[in-house]
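User: Please take a close look at one residue in this structure and then at the aromatic pairs.

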Amino acid sequence: MLRAVPEVVVAATRQQPGLLVLLLLLAAGARAGVLPEDRADALYHYYDGGGVQIDGPSLLMRKQVGQQFSVFGNYYVDTISSASIDVVTTASAYDEERTEYSVGFDYLRADTIMSFSYGNSDEDDYQADTFNFGIAQEIFSGLTTISLGYGKGSDTVRSNVDSSFEEDADKQSYRLGISQIITRNMLASVNYEVITDEGFLNNPYRSVRYLDPTSGTGFSFQPEVYPNTRTSNAVAVRSRYFLPYRAAVHGGYRYFTDDWDIDAHTAEIGYTQPFGAWSLDLGYRFYTQTSAEFYSDLFPYEDAQNFLARDKELSSFDSHTLRLGVSYDFLQDGYQFLEKGSVKLFYDRIYFNYDDFRNINGGGNPGEEPLYDFEADVIQFLFSFWF
Amino acid sequence: MSQLRITLTFCLVLVVTGCGSVEPWVKPYERDRLADPIMSFDRDPVSNGYINHVYEAREGARGASGSSGGGCGCN
Amino acid sequence: MKRLQSKLHKLSVLAIMLALVLPAQAGEVAGPAPDFTLLGRDGQPVTLSELRGQVVLINFWATWCGPCRKEMPLLEALYQRYEALGFTLLGVNVEEAGTDAEAFLKETPVSFPVLFDPENQVSELYEVSAMPSTVLVDREGNMRFLHHGYQDGYEDIYQDQIRSLVRERI
């Protein structure tokens with residue numbers, strides 16, 4: 001389980017390098033594919049939860065160029081004001097800004113679409129470069145679409161506290177997807193993704209705590225120590241169903257497991273109901289995970305294990321999300337070069353409940369403080385134009 | 001994992017050899033409802049990308065979410 | 001176990017190569033064009049066999065299909081250019097109700113006959129396997145060319161094929 005080898009796709013292409021993939025694509029028959037629609041989107045996103053506020057824009061522009069190419073560019077900013085539980089218990093509140101841009105293109109050749117993209121995320125203590133490549137192929141008269149993807153990320157981790165600190169973290173991801181028309185009213189998809197990371201995978205600011213009778217509070221902190229590799233597998237099934245009147249219901253389930261011993265289940269359902277030019281979206285998402293093997297809220301003494309984590313992201317917890325969305329389609333008959341437009345408002349309320357992460361500001365003996373929980377509000381305001 | 005490999009290769013074989021012999025049971029001219037935007041898996045890519053990022057930055061799980069995003073130092 | 005794995009890999013490569021040999025789905029076709037009668041926008045029936053002597057382009061389309069909508073003005077241009085030379089174009093709409101088609105045609109008017117196939121009888125007759133599908137029928141009523149889907153530049157191929165068929169005399 002601890003071997004960092006993404007088995008399926010790499011093994012197949014290793015034995016017949018690239019041949020299997022290439023032949024699969026060529027063999028699928030001459031159906032003409034369609035490039036993604038031209039569009040421009042402007043999103044304002046806002047997150048407020050657990051003492052953290054993050055907001056900012058996400059702008060997307062996508063345009064077909066010539067007969068075979070569709071290019072896109074995305075600009076995204078997170079403006080962060082953080083006084084989260086990790087921050088207030090071990091450091092002090094901070095403000096930060098992260099900028100992410102990505103560019104890419106899709107190339108249509110007969111019945112195959114090849115996609116390439118590059119993204120860069122930049123904040124003062126973390127830079128990430130990511131490349132993604134994908135191929136999508138329609139077969140069975142368009143009833144089935146098979147897609148393969150590969151991604152490579154190179155991250156550089158720095159520290160605002162220690163200017164000499166600099167480490168790398170590299171990531172590779174392999175994706176396989178099948179999308180299938182089941183009936184006239186129903187679509188389904190299966191997606192499988194393997195991700196491997198290598199390098200400095202933890203956070204240079206975060207600490208774990210251990211019982212320390214010599215300390216006033218009864219515990220002390222030491223920096224977290226993570227393994228320098230991680231391999232994870234995720235498989236998700238999703239489905240959409242068109243109801244007898246014009247409305248749609250959708251559902252999905254994802255199973256995740258990795259070699260840090262984290263197992264997670266994600267389940268979602270949603271309902272979309274149009275009313276003329278208006279539309280209502282309702283959704284519910286449930287998430288549960290088991291903790292990483294080297295996670296503990298309170299270690300018995302200093303250097304208790306080779307690997308130590310107290311990141312609540314790696315703890316055992318559940319979350320529930322309720323979603324409400326409203327959208328309005330305008331310009332349905334078009335206006336000059338615009339084909340249609342829409343404005344949407346999404347509101348998600350997320351409830352996080354931790355089973356083995358404690359709120360050390362909550363008082364009590366070490367290891368007996370109340371378990372932590374918090375709620376987050378996520379708001380999205382989105383303008384979209386198609387042309 | 002090798003069992004998974006075998007199963008997936010076998011499925012791939014079935015899918016590809018089935019190409020010529022299975023008739024499409026939903027004809028192209030019957031795909032009106034499937035073409036409706038409310039049936040799209042990725043109707044608002046900017047919004048889907050964002051909400052996947054919100055979850056991925058706070059959960060241990062990642063992948064198979066439909067968006068192929070990049071890294072960040074999001075704590 | 002390793003033997004079985006490598007056998008499966010070889011089998012899948014072989015299977016893929018076999019699939020490569022499948023007949024092409026676009027290009028030339030042969031045989032008489034199946035006859036049909038459908039109602040036009042004015043409610044009057046149009047029968048294919050009565051158009052013998054002309055070159056006929058039959059285009060199967062729907063308003064919910066992006067490439068179909070894109071193709072319509074280009075088909076209109078071809079119709080206007082070659083009508084006088086004995087060419088006609090039949091736009092067969094495959095939707096269950098004609099309301100969406102009429103709304104679309106109001107925004108994007110065409111002068112060639114648009115016929116309605118709400119029960120998909122003609123679509124089945126012609127084994128329509130992609131949207132849009134375009135069939136070119138010669139002056140003797142035989143199918144000559146078949147196109148699946150629409151991509152930029154197809155209209156130039158249609159034009160070349162129409163020209164060659166129009167030059168043929170019975």
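Analyst: A:Tyr226 sits in the loop between strand E11 (219-223) and strand E12 (229-242) of chain A, where strands are DSSP runs of at least two residues and helices (H or I) runs of at least four, numbered from the N terminus. This is a predicted model, in which local features need pLDDT of at least 70, side-chain atom pairs count only at pLDDT 80 or more, and totals for chains, interfaces and linings use all residues; pLDDT is the predictor's confidence in each residue, from 0 to 100. Residues are numbered from 1 along each chain as its sequence is written, chains are lettered from A and ligands numbered from 1 in the order in which they are written, and side-chain values use heavy atoms, leaving out hydrogens and water.

Beyond its neighbours within four places in sequence, its contacts include A:Trp260, A:Phe294 and A:Phe307, contact meaning heavy atoms within 4.5 Å.

The rings of A:Tyr354 and A:Tyr372 are stacked, because their centres are 5.8 Å apart and their planes at 25°. A:Tyr354 belongs to strand E17 (residues 340-358) and A:Tyr372 to strand E18 (residues 371-386) of chain A, so the pair ties together parts 18 residues apart in sequence. A:Tyr354 is buried at 3% relative accessibility.

Technical notes. Rings of Phe, Tyr and Trp (its six-membered ring) pair if their centres lie within 6.5 Å; planes under 30 degrees apart count as stacked, over 60 as edge-to-face and the rest as tilted. Buried means under 20% relative accessible area, exposed over 50%, partly exposed in between (1.4 Å probe, protein chains only).
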